[in-house]
Amino acid sequence: MILVIGLGHPLRRDDGVGLWVASRLPSTEDVKVVGAQDLTPELIPQVAAADLVIFVDARLGAGPVRWEPIRSADPPALTHAFTPHGLVAWAERLFGRAPEAWLVTVPARDLSLGEGLSSRTRRVAEALVGRLRAYLGWKESP
Amino acid sequence: MKGGSVREIKVPVTRVEGHGLITVELDPKGQVKRARFHVTEARGFERFCRGRTVWEMPGITARICGICPVSHLLASAKAGDAILAVRPPRPADKLRRLLNLGQFVQSHALSFFHLASPDLLLGWDADPAQRNVFGLAAARPQLALDGIRLRAFGQEIIAALGERRVHPAWAVPGGVRSPLSPEARDRLAAKLPEARRIAHDALELYERSAKGWAEEVATFGDFPSLFMSLVTPDGAWEHHDGRIRFVDAERRIVADGLDPARYFEYIGEAVEGWSYLKFPYYAPDGYPGGLYRVGPLARLNCCDRIGTPLADEALARFRATADGKAVTSSFHYHWARLIEIVAALERVETYLADPEILSPRVRAEAGVNELVGVGIHEAPRGTLIHHYEVDESGVIVNANLIVSTGHNNLAMNRTVTQIAHRYLQGAKISEGLLNRLEGGIRAYDPCLSCSVHAVGKMPLRVVLLGPGGETVDEVVRTA
């Protein structure tokens, strides 16, 4: 099973690009798509059960979409929410299984309060949706 | 950066999240002068709300924070009730309460099992490589899994009622959009016994272990103060309605039966140049003398009783440690959270057995009948206030939000000062000091997602300042 987690804040414009991408990817029998404002412990069993996890998140700055492999790491000390690395580490420690995982970051420039993506981030996100749909086996565009 | 303005704070920004920052200032003799907990992100959400309608507000404000959306959803819906000048039908009130109890369970479980337990059970001076939740999972795997299961039960209550994929705003002005389904009720009822077993075990573990934490209890925010929470008209524990009560450290009632909608008459809000988070205070006592605390500790200190058998037994044991006076150590926020989980699960059982929660009569319809509405309820972290002013069409012209982390701002600052006085040795930030400063803040379970309305990851930076304001030492614990 492939798990896609779109991450971001829906009221901080480009910060919500992960949610935007997730909303355009339908779940199927083999692919589960989740939108999350924060990464919380409920996701741990889902991560542990997946063969592949793809986190989609915003990244402050310019440049192309980046794909980075995730290795498990300790969680931060005070946080309520986890990093993708921490979530994978939890899955490994508690369920003895860490799936292959990738962090896909989309360049974001406007993180002000508001709804909707900047035009540049939206263009990059649309291209990412197309690529993910192709990779995950969907042929039609959103 | 001595006593500096927030403009001087260097905040590494990776996305939009901010660092928690603690500064410890030394006097010329090298003794701790004071310590401060800074919130280093600007808020601005109130301005963003202007121009939206009161009916949209629950859905919008629920998106302020990914950690406690239910709290904002309910406070906003209550402010909407006031603007519509309606009372939600009784089934809607019960369903809203059930939702909030689910939020209490999941939020308190996260705080205790995932964030606090490594400190409490592995020790403040344990090897940092082990003093985390992974170390806990290795040492006590059952406890770690129990924490996930208990939190999942609270989440399941929320999902059964108001999950966003069903509708972005399940609670609305005038009530809720839909009742609980019989299938969801039965599913929740089947899982309740395990949740109660986990809560019972965790409470027993805390009470059994508490004697070993005497030093931390005495130094993690142990000082006399006021406490504020909602209580029922007859003084019982309340989480969604009722009147405001203040008690002092002796548990004497300072003010009672206060109208929540008139909060601005007894709560002032001070601003300091070194933090973006405001400093609410009890107005009759002035600033900063009107320091008060909210949240689980305050709710247990304010109420006469909880009103359910197991929770009331636990409350009696809790109060016995203070000879019936207020429990004044913020360390025991953890204990209070566990008692509130027990209380919440007892009430969940009652609601699940109540056929009225399946009633379709869940919403009172009305137009704009008042131009000002205040919604107050008890979020897991404490009293949450939404105050809206609208025009004749219900469009927001002004909004003010006071979140629980804000109410506790003065107390958190006093707590880090107390810890720094006790544990700072020389001019070096030791691992033990850092752990305890973290632990002192963590006792309040602050949610900076809410207080600054941004993505809520909170690494910590501690800076030791010399008498001239120069940086003597600095430690960053990153995400």
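User: In this predicted model, what percentage of the 479 residues in chain B is made up of buried residues?

Analyst: The model is a predicted one, and a residue counts as buried here if 20 or more other C-beta atoms lie within 10 Å of its own. Judged over the 479 residues of chain B, the share that is buried comes to 56%.

User: How many of the 20 residues of α11(B) are buried?

Analyst: Helix α11 of chain B runs over residues 333-352, and its reach of 28 Å from first C-alpha to last is close to the 28 Å expected at 1.5 Å a residue. This helix is mostly covered, and of its 20 residues the number buried is 16.

User: Why is α10(B) described as roughly antiparallel to α11(B)?

Analyst: Helix α10 of chain B, residues 309-320, has an axis that comes within 8 Å of the axis of α11(B), and the two cross at roughly 160°. Angles over 145 degrees count as roughly antiparallel. That crossing angle therefore makes the arrangement of α10(B) relative to α11(B) roughly antiparallel.

User: Which residues of α11(B) make the contact with α10(B), and how many charged residues does the contact have?

Analyst: In this left-handed crossing, α10(B) contributes B:L310, B:A311, B:A314, B:L315 and B:F318, while α11(B) contributes B:W335, B:I339, B:V342, B:A343 and B:E346. By class, the contact has nine nonpolar residues and no polar ones, and Glu counts as charged.

User: What share of the contacts in chain B with a separation of 6 or more comes from residues 24 or more positions apart?

Analyst: Chain B holds 15 helices and 15 strands. Among its contacts with a separation of 6 or more, residues 24 or more positions apart account for 74%.

Key: Residues numbered from 1 in each chain as written. Chains lettered and ligands numbered in written order. Predicted model: local features only at pLDDT ≥ 70, side-chain atom pairs only at ≥ 80, totals over all residues. Helix = DSSP H or I, 4+ residues; strand = E, 2+ residues; numbered from the N terminus. Expected span 1.5 Å × (residues − 1). Buried ≥ 20, exposed ≤ 12 C-beta atoms within 10 Å, placed from the backbone. Contact = placed C-beta atoms within 7 Å. Axes fitted to C-alpha atoms, helices over the stretch in contact; angles between N-to-C directions. Parallel < 35°, antiparallel > 145°, perpendicular 65-115°, else oblique. Left-handed = near helix turned anticlockwise from the far one by under 90°.
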